[in-house]
Amino acid sequence: MTISPLMPVYPRCEVRPVRGEGCYLYDEAGNQYLDFNSGIAVNALGHAHPELTKTIQDQAATLMHVSNLYGSPQGEKLAQKLVDISFADTVFFTNSGSEAIECAIKAMRAYHQAVGNDQCFEIITFSNAFHGRTLAAISASNQEKMHHGFHPLLNGFKYVEFDDLEAAKNAVGPQTAGFLVEPIQGEGGIRPASQEFMQGLRALADEHDILLALDEVQCGVGRTGAFYAYEHYDIVPDVLASAKGLGGGFPMGACLATEKAARGMTLGSHGSTYGGNPLAMAVGCMMVDTVGKPDFLSHVRIMGQKITQGLEQFIGNYPTLFESVRGQGLMLGIKMKVDSRAFVAHLRDNHNLLTVAAGDNVVRLLPPLIIDDSHIHDFMERLSAAAASYDVAVEG
Ligand SMILES: *Cc1c(COP(=O)(O)O)cnc(C)c1O
């Protein structure tokens, strides 16, 4: 037998973390890494956050899981918090981002069937989107590399160019159920949609009585300096998928919807064994209470501005390496002139700085939202040492 016990679907690197503290990770040999990846925008409060740990310990010792056949005071509490902090009227809890997307897609289809528009099942999605790895989620993305080996895909998705309002407008037809879009593409390369695009999609949805669903799995829960990224666009969606930072490292997600958009999600129409379990709900309440505070969100914006300004001054020193900086809050990307994957490996292997590569040749920076000036200083030191050594290596 040659297959590894761990199914070999990930190109895993040599770093093997076994412990974390705040913004740092430690491997088996005790080496320390500055974590500007945060489990891909998950560990919003860093690692081993005392309050988060205590929340999990206390709830685990009280009640971890019960069936969704019983009443859920814990679920009601978190749902109410999300309703209060967002556009939503109602929430379905999941265990992951893909499941939140799955619920969003089902809600969009079910809405049209509930109102008698049975022919409206097609969802318009955008180039280089990432919505997760279930069959519905890969079908919603135009990325061939995720489709390979898994055909036939789920029917009913139409792909158009991201941030191209005219293309979106032309794609709307009698079968359209709605749009599914990331306000800031994550895997696609930290590409923020323009104001015109997001506002235009909202107007198109209103005009055609179709739904606007947002994938805020990566950009939501404080990552951009607003609780949800749609707030930057002066619009509200009909449906929104949330996960990643919502659990701060505990697996959970949520599909948020307006009363109107949830019309088809009736008794018995959807479910999940683990979704909404009391342990996840306790974590979610703690996360929303912490991240949703105005001071916390303004901290994210300030830290984001400091990194952005620092980077903008810095990258000019290495015009052969770096092209530009983009993103919002602490969801940032450096567009590279050299291969971004190779540079991410260099930062990691030679300077113990963890970042993530993304599409469009971008190095993604997703630090814990609790970083302070000292972490930014540490980051800039490691980055500048890495740039200096890379430049020499490339030119030599
Ligand atoms: C990570 C991600 C998902 C999928 O979430 P999982 O928890 O991995 O299923 C979906 N959409 C976006 C934008 C993501 O970044």
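Author: The bridge partner of I123 in strand β7 is G178. This pair belongs to the parallel pairing of strand β5 (residues 122–126) with strand β7 (residues 176–181), which extends over three bridges. Strands here are DSSP runs of E with at least two residues, helices are runs of H or I with at least four, and both are numbered from the N terminus; two strands pair if DSSP finds at least two bridges between them.

Some conventions come before the wider view. The model is predicted, and for that reason local features need pLDDT of at least 70 and side-chain atom pairs count only at pLDDT 80 or more, whereas totals for chains, interfaces and linings use all residues. Residues are numbered from 1 along each chain as its sequence is written, and side-chain values use heavy atoms, with hydrogens and water left out.

The two strands sit within an open sheet of seven, ordered β4-β12-β11-β10-β7-β5-β6, in which the pairing is mixed. At the edges stand β4 (90–94) and β6 (157–160); each has a single partner strand, so one side of each is left without a neighbour in the sheet. On average, neighbouring strands of this sheet are turned by 20° against each other, direction ignored. Helix α4 (residues 97–114) packs on the sheet and touches β4, β5, β6, β7, β10 (211–215), β11 and β12 (253–257). The direction of α4 makes about 155° with that of β7; such angles run from 0 to 180 degrees between N-to-C directions, the axes being lines fitted to C-alpha atoms, for helices over the stretch in contact.

Strand β11 (residues 239–242) contains L240. L240 counts as buried because its relative accessibility is 0% (buried is under 20% relative accessible area, exposed over 50%, partly exposed in between, with a 1.4 Å probe and protein chains only). Beyond its neighbours within four places in sequence, L240 is in contact (heavy atoms within 4.5 Å) with F87, L214, E216, Y228, Y230, A254, C255 and L256.

R348 counts as buried at 19% relative accessibility, while D349, with a relative accessible area of 43%, is partly exposed.

In the whole structure, a search finds 14 salt bridges. One of them is made by the side chains of E187 and R364, at 2.9 Å from N to O. E187 lies in the loop between β8 (184–185) and β9 (191–192) and R364 in strand β17 (residues 362–365), so this pair ties together parts that are 177 residues apart in sequence. E187 is partly exposed, its relative accessible area being 23%, whereas R364 is buried at 0%.

A further salt bridge is formed by D373 with K306, whose closest N and O atoms are 2.9 Å apart. D373 belongs to helix α12 (residues 373–395) and K306 to helix α10 (residues 294–315), and the pair links these distant parts of the chain across 67 residues. Both residues count as partly exposed, D373 at 42% relative accessibility and K306 at 35%.

Another helix, α2 (residues 50–60), holds T55. T55 is buried, with a relative accessible area of 18%. Leaving aside its neighbours within four places in sequence, its contacts are with A282, V283 and M286.

A hairpin is formed by β13 and β14, with two residues between the strands, and G329 in the turn has a positive phi of about 60°. The strands β13 (residues 322–328) and β14 (residues 331–336) run antiparallel and are joined by six bridges. In this pairing, V325 stands opposite I334 of β14.

Finally, M7 lies in the segment before β1 (17–21). M7 counts as exposed, at 64% relative accessibility.

Definitions and conventions: A salt bridge is a side-chain nitrogen of Lys or Arg within 4 Å of a carboxyl oxygen of Asp or Glu.
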